[in-house]
Amino acid sequence: MTNQWKLKEIVLMSILGVVFGIIYLAFFLVGQVIQNILAPFGLAPFGYEIIFGIWFIVSIVAAYILRKPGVAFTAEVIAGITEVLLGTTAGPGLILSAAVQGAGAELAFALTKWKDYRLRVLIFSGMSAALISFVWHLFYAGNITLTPWLLVATLVVRVISGALLAGVLGKWISDQLAKTDVLRGYALGKELQKRRETGAA
Amino acid sequence: MISSINPSIKAIAVLIPGILLSFTFDVFTPLSYFIFILFVTFTMGDISVIKWLKFFSPFFLVALSFAWMTILYTNQTFSYGEVMFTLWRFEITTGSILTGTSLALRSLCFVALSLLFALTTDSTKFMLSLMQQCKVPPKITYGILAGYRFLPLFQQELQILRQAHRIRGVGRTKGLKGKINQFRRYAIPLLANGIRKAERVAIAMESKGFTGDTDRTHYHQMTIEKKDWIFFSFIVGGFIIIVVFSYNLGYLNIFGKKV
């Protein structure tokens with residue numbers, strides 16, 4: 001798998017991992033703040049679920065830019081490793097969670113045989129990452145002890161969050177980046193170039 | 001002393017009890033293991049208590065709020081026992097309190113294990129060990145290390161961006177739309193510059209002969225010694241002994257079922 005990747009693509013994933021790794025860490029604080037705001041309304045369990053999609057975004061951005069099998073999974077794992085390297089409180093357990101989320105995001109691209117990168121597939125990828133990570137948290141965080149109605153409600157919120165914050169926002173950021181022409185050497189930039197040429201002709 | 005343990009072995013040693021703890025839903029097992037990790041951290045870790053507390057205390061609050069949430073919303077399997085008291089429309093049973101406490105202690109165990117790893121491990125050595133012991137391809141290892149080194153550059157670049165905005169009179173904006181615009185003004189140039197650098201570094205590495213070949217020599221040899229396995233069996237063995245104790249004392253509870 002890695003033999004198909006160029007070194008610059010791996011360094012790109014790593015750079016994305018560094019940038020989004022910082023954003024990921026910052027969003028733990030954001031989640032805590034939202035949780036505190038929602039707590040008086042008895043909605044504290046939804047605090048993190050609303051923004052959960054942000055933790056899948058690097059999979060969608062990397063897969064959309066590079067368009068190769070395994071990218072969604074690896075990019076998320078790399079982001080997890082960078083979070084550990086940043087020397088904060090994140091331990092090896094975080095890499096494991098990242099691998100689960102990455103596998104969830106990869107699932108959607110695998111189902112389309114890594115050929116289709118339209119918005120709907122990106123949204124679907126964010127949703128599948130949300131679903132798989134939800135199952136993982138049932139077990140790892142002990143969410144299995146919660147009442148069924150709450151579990152269903154949090155799942156719905158997380159899937160919507162995955163669709164919007166990972167799928168839609170991920171595509172938007174990548175498209176904005178492609179416009180700056182720095183992605184010319186990668187699949188997304190090449191596609192944009194091709195579209196411009198046919199548009200001009 | 002723990003800082004000299006091979007990072008890969010340390011990571012696996014910390015992961016295994018973490019995963020196994022996810023099966024237990026009683027109070028005794030995570031509590032005793034938490035005490036065990038504290039003992040390991042402060043007797044063998046060379047970690048200063050104040051530094052440790054600084055990292056740990058926020059998570060203590062998070063664990064408390066998490067426990068409280070679980071107590072309020074436990075399902076039937078876990079809300080066994082008598083109703084202790086009623087709070088507004090929530091009936092709090094002994095079972096839900098025990099489950100909530102257990103989950104909170106479990107997450108404190110996760111944090112303590114993570115800190116035991118994070119505060120005693122050198123980032124570069126961790127990556128080198130992942131490459132030499134866990135056979136992560138050199139392309140990925142050095143790719144990550146190269147990207148990770150850009151972190152200070154990002155801070156510098158953010159400052160430059162901010163100054164560039166200020167000198168051109170682009171101030172802070174109000175409202176949600178302004179905030180989104182502001183986010184784009186910072187995030188896109190930062191990422192774009194990062195990608196440019198990624199490309200340059202990759203070309204530089206390859207032009208200096210980096211092929212990503214797995215058959216290569218290493219300047220820093222990471223090895224696994226006897227003391228690494230002793231550490232591994234100590235951390236994992238400690239967990240197994242506590243589970244056996246908890247079973248014999250009749251506390252052990254796996255997925256809501258007493259065993």
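Modeller: Chain B is divided into domain 1 (2-127 + 221-258) and domain 2 (136-207). The model is a predicted one. The centres of domain 1 and domain 2 of chain B, taken over C-alpha atoms, are 37 Å apart.

The overall dimensions of chain B come next. Its radius of gyration is 25 Å, whereas a compact globule of 259 residues would have one near 18 Å. Along the principal axes, the C-alpha atoms of chain B fill a box of roughly 65 × 60 × 30 Å. Of the 259 residues in chain B, 35% count as buried. If one takes the contacts in chain B between residues at least 6 apart in sequence, 77% of them join residues at least 24 apart.

Chain B has nine helices and four strands. Their order along the sequence is α-α-α-β-β-α-α-α-α-α-α-β-β.

Now the core. The largest nonpolar core has 120 residues, and Leu16(A) and Ala62(A) are those with the most contacts inside it. Helix H4 (residues 94-118) of chain B gives the most to this core, with 14 residues. Domain 1 (2-127 + 221-258) and domain 2 (136-207) of chain B both contribute residues to this core, so it lies between them. On the chain A side, Ala62(A) touches Met13(A), Leu16(A), Val71(A), Ala72(A) and Ala75(A), leaving aside residues up to four places away in sequence.

Helix H5 of chain B covers residues 123-132. Its buried residues are Phe126(B), Met127(B), Leu128(B), Ser129(B), Leu130(B) and Met131(B). Helix H1 (7-21) and helix H6 (138-148) of chain B are among what covers the buried residues of H5(B).

The loop between H5 and H6 of chain B holds Lys135(B). Lys135(B) has 9 other C-beta atoms within 10 Å; a residue with 12 or fewer is exposed, so Lys135(B) counts as exposed. The phi of Lys135(B) is near 60 degrees, a positive value in a residue other than glycine. Most residues other than glycine have a negative phi.

Trp114(A) is found in the loop between H5 and H6 of chain A, and its phi is near 55 degrees, a positive value in a residue other than glycine. Trp114(A) has 16 C-beta neighbours inside 10 Å and therefore counts as partly exposed.

As for the contact between the chains, 41 residues of chain A are in contact with 50 residues of chain B. On the side of chain A that touches chain B, the elements giving two or more residues are helix H1 (7-38), helix H4 (71-85), helix H5 (92-111), helix H6 (119-140) and H7 of chain A. H1(A) gives the most to that side, with 11 residues.

H7 of chain A, residues 148-179, has 32 residues. From first C-alpha to last, H7(A) reaches 45 Å, close to the 46 Å expected at 1.5 Å a residue. Asp181(A), which follows H7(A), has a positive phi, near 70 degrees.

Conventions
Residues numbered from 1 in each chain as written. Chains lettered and ligands numbered in written order. Predicted model: local features only at pLDDT ≥ 70, side-chain atom pairs only at ≥ 80, totals over all residues. Rg over C-alpha atoms; globule rule 2.2 N^0.38 Å. Buried ≥ 20, exposed ≤ 12 C-beta atoms within 10 Å, placed from the backbone. Contact = placed C-beta atoms within 7 Å. Core = buried A, V, L, I, M, F, W, Y, C linked by C-beta atoms within 7 Å. Domains from an automatic or database assignment. Expected span 1.5 Å × (residues − 1).
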